[in-house]
Amino acid sequence: MSVQLKIFEHITLRQKYAEQKIKEAYEEGNYSFEQPYVCVNPYIIAPLTALIMFETERDVAIEAIVKGKTREADIQLTFPKKKQHTLEIVGLYPDWNNEVELLTEDGNRTVVKIQ
């Protein structure tokens, strides 16, 4: 009788490779507040999360509102002033056209749709 072992790559290694791919994909583009880079389930284990990444010309704080199915279900996230933004988005719905509204402190607005 023999025992067959199946070796799995550890989740931390898979996440490390995923981060490298995200970084490479982001660096290949020119992403802005109006047209950000979006990566759904960036760390493999949380499919209802996303990263939204972009650069601004100057340091600016960002507010992200993850629109819920009702107004009471909206999730409001605030991110500090900087030029290179990586917004961790939580609270997405499965099988739903999620909307994330991004607002700058000086009144600029854009909506990101995430399926």
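Guide: Buried means under 20% relative accessible area, exposed means over 50%, and partly exposed is in between. This model is predicted.

Visitor: Switching to rings. How many aromatic pairs are there?

Guide: The count comes to five aromatic pairs. Y31 and Y37 make up one of these pairs.

Visitor: How are the rings of Y31 and Y37 set against each other?

Guide: They are edge-to-face. The centres are 5.3 Å apart, with 65 degrees between the planes.

Visitor: Why do you quote two values for a pair of rings?

Guide: A pair of aromatic rings is described by the distance of the centres and the angle of the planes.

Visitor: Then what about the rings of F33 and F54?

Guide: Their planes are at 75 degrees, so this pair is edge-to-face. The centres are 5.7 Å apart.

Visitor: Are F33 and F54 buried or exposed?

Guide: F33 is buried, at 5% relative accessibility. F54 is buried too, at 0%.

Visitor: Back to the tyrosines. Which residues form one aromatic cluster?

Guide: Y26, Y31 and Y37 do.

Visitor: What does K69 do around the rings of Y93 and W96?

Guide: K69 lies over the face of Y93, 4.7 Å from the ring centre. The charged end of K69 also sits over the ring of W96, at 4.6 Å from that centre.

Visitor: Which residues lie nearest its centre?

Guide: K23, Y26, E27, M53 and T86 do, out of 15 lining residues. The elements giving two or more residues to the lining are α1, β2 and β3.

Visitor: Which element gives the most to that lining?

Guide: α1, with five residues.

Visitor: Let me click on T56. Where does T56 lie?

Guide: T56 lies in strand β2, which covers residues 50-66. T56 is buried, since its relative accessibility is 17%.

Visitor: Which side chain makes a polar contact with that of T56?

Guide: The side chain of H85, at 3.0 Å. Leaving out residues up to four places away in sequence, T56 touches F33, K82, K83 and H85.

Visitor: Which side chain does E101 contact through polar atoms?

Guide: The side chain of K67, with a polar contact of 3.2 Å. Not counting residues up to four places away in sequence, E101 touches several residues, among them E63, I65, R109 and V111.

Visitor: What about V90, where is V90 found?

Guide: V90 is in the loop between β3 and β4. V90 is partly exposed, at 38% relative accessibility.

Visitor: How far apart are V90 and A50?

Guide: In sequence, 40 residues. In space, 6.8 Å from C-alpha to C-alpha. With residues up to four places away in sequence left out, V90 touches L48, T49, V66, I75 and L77.

Visitor: And G29, where is G29 found?

Guide: G29 is in the loop between α1, residues 11-28, and β1, residues 37-40. G29 and F54 are 25 residues apart in sequence, with their C-alpha atoms 9.7 Å apart. G29 is partly exposed, with a relative accessible area of 34%.

Visitor: Last one, backbone angles. What is phi for N41 and for I44?

Guide: N41 has a positive phi of about 55 degrees, although N41 is not a glycine. I44 is not glycine either, and its phi is positive, near 75 degrees.

Visitor: Where are N41 and I44?

Guide: N41 lies in the loop between β1 and β2, and I44 is in the loop between β1 and β2 as well. N41 is partly exposed at 23%, and I44 is partly exposed at 28%.

Terms used: Residues numbered from 1 in each chain as written. Predicted model: local features only at pLDDT ≥ 70, side-chain atom pairs only at ≥ 80, totals over all residues. Heavy atoms only, no water. Helix = DSSP H or I, 4+ residues; strand = E, 2+ residues; numbered from the N terminus. Buried < 20%, exposed > 50% of the residue type's maximum accessible area, 1.4 Å probe, protein only. Polar contact = N/O pair within 3.5 Å; in protein donor to acceptor, adjacent residues only side chain to side chain. Contact = heavy atoms within 4.5 Å. Phe/Tyr/Trp six-rings, centres within 6.5 Å; stacked < 30°, edge-to-face > 60°. Lys NZ or Arg CZ within 6 Å of the ring centre and 35° of its normal. 1 Å grid on protein atoms, 1.4 Å probe; cavity = no way out; pocket = protein on both sides within 12 Å on 5 of 7 lines; lining within 4 Å.
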